[in-house]
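Open the model in your viewer and keep the selection tool at hand. Each stop below names what to select and then says what is there.

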Amino acid sequence: MHYLRHLARLYTSDIHPGGAHASRALVEALAPADGQRFLELGCGTAKTALRLTRRVHAYVVGVDLLSEMLLPARRRLRPASDRSALVQARVSELPFVEQSFDRVYAESTLGIQNDPRLRASLAETFRVLKPGGRFVANEAVWKSHVSQATVNAVNQRTECDFGLRQASERAWSVDRWLEEIRRVGFEPLTWSLIE
């Protein structure tokens, strides 16, 4: 994960598919309202969390594994320190009680997990989300025609060069993602591809 540590030192933001435009669309899809509790999986430097705190009077919790990401995230969220918190943890092992968030979101976080952690992260997300809550994700997915051999080659190269994979460990297209999301209990409402 040396690349992510490098990005943290640079105080970067919107480092996911679609950049700032996709983050703004994600915030819209969350349908945020005052008084809600939000959880960001893999919050990075907390740019999207800051967008939420500026949009509504709500409480946002960001989770990230890397302490290097949480340092700039704390600086960024300082204006909203009374309505935000940052927690160092794995997204596959969330330290929160069941049904404690109205909204959960992720940007380029789930897909870089290995398969067991990805599945555990989805299950944990379902566990901490309140009934009737909403989960929104912006993740890189493989096109349906991409072979597992190509996935392996791309992921091996990016893990070597950047310390993390490009997208899911297996050749998961949108259909496979939807299958996994349903498996843990979610009912997908909508999805879209940005190419």
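**First stop: a β-α-β unit.** Select strand β1 (residues 37–41), helix α3 (residues 47–55) and strand β2. Together, β1, α3 and β2 build a right-handed β-α-β unit. Now carry on from β2. The chain passes through helix α4 (residues 67–76) on its way to β3, and this β-α-β crossover is right-handed too. Bear in mind that you are looking at a predicted model.

**Second stop: strand β2.** Select residues 59–64. Is this strand enclosed or open? Strand β2 is largely enclosed by the rest of the structure, because 5 of its 6 residues are buried. Look at its partners next. On one pairing, β1 and β2 run parallel over 5 bridges. On another, 5 bridges join β2 to strand β3 (residues 84–88), again in the parallel sense.

Pick glycine 62 in β2. In β3, the bridge partner of glycine 62 is leucine 86. Step to valine 63: its bridge partner in β3 is valine 87.

Show all the strands of the open sheet. What is the strand order? The 5 strands are arranged β3-β2-β1-β4-β5, with parallel pairing. Go to the edges, where you will find β3 and β5 (129–138). Each has a single partner strand, so one side of each is left without a neighbour in the sheet. Turn the view along the sheet to follow the twist, which averages 20° from one strand to the next.

Select strand β4 (residues 101–107), then aspartate 102 within it. Is aspartate 102 buried or exposed? Aspartate 102 counts as buried because its relative accessibility is 17%, and the cut-off for buried is under 20%.

Show its contacts, leaving out residues up to four places away in sequence. Aspartate 102 touches Gly35, Gln36, Arg37, Leu129, Lys130, Gly133 and Arg134. Start with arginine 37. Its backbone nitrogen lies 2.7 Å from a polar atom of the aspartate 102 side chain. Then try leucine 129. Aspartate 102 and leucine 129 are 27 residues apart in sequence, yet 6.0 Å apart in space, C-alpha to C-alpha.

**Last stop: aromatic rings.** Display the aromatic side chains. How many aromatic pairs does the structure hold? It holds 4. For one of them, select tryptophan 172 and tryptophan 177. The ring centres are 5.5 Å apart and the planes stand at 85°, so this pair is edge-to-face. Check the accessibility of both residues. Tryptophan 172 counts as buried at 1% relative accessibility. Tryptophan 177 is buried as well, with a relative accessible area of 6%.

Finish with Phe126, Phe135 and Phe186. Select these three to see one aromatic cluster.

Definitions and conventions
Residues numbered from 1 in each chain as written. Predicted model: local features only at pLDDT ≥ 70, side-chain atom pairs only at ≥ 80, totals over all residues. Heavy atoms only, no water. Phe/Tyr/Trp six-rings, centres within 6.5 Å; stacked < 30°, edge-to-face > 60°. Buried < 20%, exposed > 50% of the residue type's maximum accessible area, 1.4 Å probe, protein only. Helix = DSSP H or I, 4+ residues; strand = E, 2+ residues; numbered from the N terminus. Pairing = 2+ DSSP bridges. Right-handed = clockwise from strand over helix to strand, strands pointing away. Contact = heavy atoms within 4.5 Å. Polar contact = N/O pair within 3.5 Å; in protein donor to acceptor, adjacent residues only side chain to side chain. Axes fitted to C-alpha atoms, helices over the stretch in contact; angles between N-to-C directions.
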